[in-house]
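Biologist: Could you walk me through a few parts of this model?
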Amino acid sequence: MKKLYLSVCLAMAAIAVNAQTVTPIMPFGKIDKADLELKNCEFEPDANAEVLFDKGDVYIDRQFDIVTERHTRIKIFNDNGKKNADIRITYVSANRLEYITELQAQTINLVDGKPEITKIDKKQIFTQVVDKATSATVFSLPNVKPGSVIEYKYKITHNSIYRFPSWYYQKKIPVRYSELTTKIPEWFYYKPQFRTKQMFAKNKTENGSESLGYGTETLSYSYETSTRALANVHSLPDEPYMSSDADNLDCVHFTLTSIRPPQGFVQSGADTWPKIGGLLADDEDFGKQLKRKLAGEEAFITKAKAFAKDDDKIAYLFREVRNAMKWNGDDSWYTYDGTVKAWEKKTGNSSEVNLILFHLLKQSGVKAYPMVVSTRSNGRVNPYTPFLYQFNRAVVYIPVDSTKRYVLDATNKYNLYNEVPDNLLNSTGLYIDKESNTYDLVYLKNNEPVRQSYFINAEIKPDGKMAGSVQISSFSYNKIYCTSKYKTDGETKYIDYLRHNDNNFKISELKFDNMDVDTLPLLQKMKFDFDLTGSDDNYIYFNPNQFTSLHTNPFLSENRFTDIEFGYRDNYSVSGIYKIPAGYKVDVLPKSMTIVMPDKSITFKRMLLQEDQTITVRYIIDHAKTTYFKEEYQDFREFSKQMYEMLNEPIALKKG
């Protein structure tokens, strides 16, 4: 995070840059009347707002800072779109690594057929401290109403040649036009990585040269100017079981791979994972924290060493740190206050909490390593593009043997030491082993199916009521979810969750087993009474799927814009024994059936059997994979439709 200084002759050079303005981009304050009269987005009519244009010019100035000049204009269509007038620009403020200047913002309304401009009062522009490294410039545009156009422009200077800014062409609202122009001298080589779903509306690269004088010498150099734009970009919707916005937005990222000064040797950037790992190992806010002594640590280390097995040491220390430390909600691969101070305060960011855990494990003789990872909300790590800022958290990595490894994250009070946290799955972590100078990537996954099973024993009464008991066995992430929900919401709200807020469903008793035992499934045992709605004097109807959360099909939309990402394999099983009342017989019993996805990735089995006055029911759902590409959506949607229809098909009993 330190400023890069080049040779003296290069530092004296001046790089002239001229910002470009290309139609349909207009100067600040100048606007077409048609945009003020615009009623909706032409290619996404239901949108609440639309980015009319978003223009970025990125260049390297004479101090070898990276400068971004940005101009954004947004049309507000209705009241729901007014939230887009709340602007937040986040930047790295530590050591003035990044800073914002030349900020202007205004609202344009059509009044009596003419544009009326309301400029923001600079007293309404605020700076918020996010953490010790990050700040945000925050403001809300004035006089915003349906029909308004808002615009703002600013310059942000990046005081590090390594942090070339990314550009996102796509947003949560539609974008009519988005353009990025970069001007880069020949001395720097940045590798761009594009992720777009459509062809560029503009894709132009030009080479030029300039001569710069300093003293009696003249320095000539060439540069490359690239302009790439997308038009009519659909908004990124929030869809069920999608990964993060960062994984799906159309964008371009840049990585510095080499520096070629006019005099001197070629310098490579941190362009390999081992180089990045080495930087982390020596970083004051990461590697230098690992061996720092914690107050009172001896008692924990002595007790941990008393255990004969590493698994017991790990479980003990994980539990102690998880319970003692409070995560302050901040994520970063580096520490803010440091592990010593965080331990004293018993609160810290994610890296402080987990590096404390690493230190205690290491001192207790456990073969553990610090690891940097990216949470699900931050986006997946691209293993082919080495870049430190893809990561946003540190955890502890323990390779137990050739087939088993632990990834410990003590920020969540309900995480299990023997399960990779679900918000880290299907991404990549970089572990740091300075002692052997090894810095390797590890793909984090869980191939084992995560089970949730229900066993129901119930009796149906002639008055249209059902009573009985249910045992729910929740494994792995299902256990984490249920435990967290119960302890966070309390028993009353948790019971409402179990009965799906259905007032006809009453739970008279609820007991838990193994809630605080990491190695065993959570057992939930409850007794219930249920009024079967829809029943009359001659018929009783009931649905054996009443007790699961699989009631509503989330995949109803005809189109899908993102991949379906479950994170881990699910395995659901429902077994029920239902005693039917005397004087009734089965009128409609759904058929036993099995349906399978065309690629055999999901199997659903429904088995029903009647014997005398007893009906036995069994449902099984098994997922063989975790991700379904949006191109597979039609098959997936059709399968889901059939499965949910079969899950919710009732059994009918007839009197007589």
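Biologist: What stands opposite Tyr91?
Modeller: Tyr91 stands opposite Ser135 in S7, where a strand is a DSSP run of E over at least two residues, numbered from the N terminus. Keep in mind that this is a predicted model, in which local features need pLDDT of at least 70, side-chain atom pairs count only at pLDDT 80 or more, and totals for chains, interfaces and linings use all residues. Residues are numbered from 1 along each chain as its sequence is written, and side-chain values use heavy atoms, with hydrogens and water left out.
Biologist: How many bridges join S3 to S7?
Modeller: Seven bridges join S3 to S7 (residues 134-140), and the two run antiparallel; strands pair if DSSP finds at least two bridges between them.
Biologist: And what is the strand order in that open sheet?
Modeller: The order is S3-S7-S6, with antiparallel pairing, and the edge strands S3 (86-92) and S6 (126-129) each pair on one side only.
Biologist: Switching to H11, which of its residues are buried?
Modeller: In H11 (residues 633-647), the buried ones are Tyr633, Phe636, Phe639, Ser640, Met643, Tyr644, Met646 and Leu647, buried meaning under 20% relative accessible area with a 1.4 Å probe, protein chains only. They lie on the same side of H11 because they cover an arc of only 155° around the axis, taken from the directions from the helix axis to the C-beta atoms.
Biologist: Is Thr227 buried or exposed?
Modeller: Thr227, in strand S13 (residues 217-233), is buried, with a relative accessible area of 2%.

Terms used: Helices (H or I, at least four residues) and strands (E, at least two) are DSSP runs, numbered from the N terminus. The expected span of a helix is 1.5 Å times one less than its number of residues. Buried means under 20% relative accessible area, exposed over 50%, partly exposed in between (1.4 Å probe, protein chains only).
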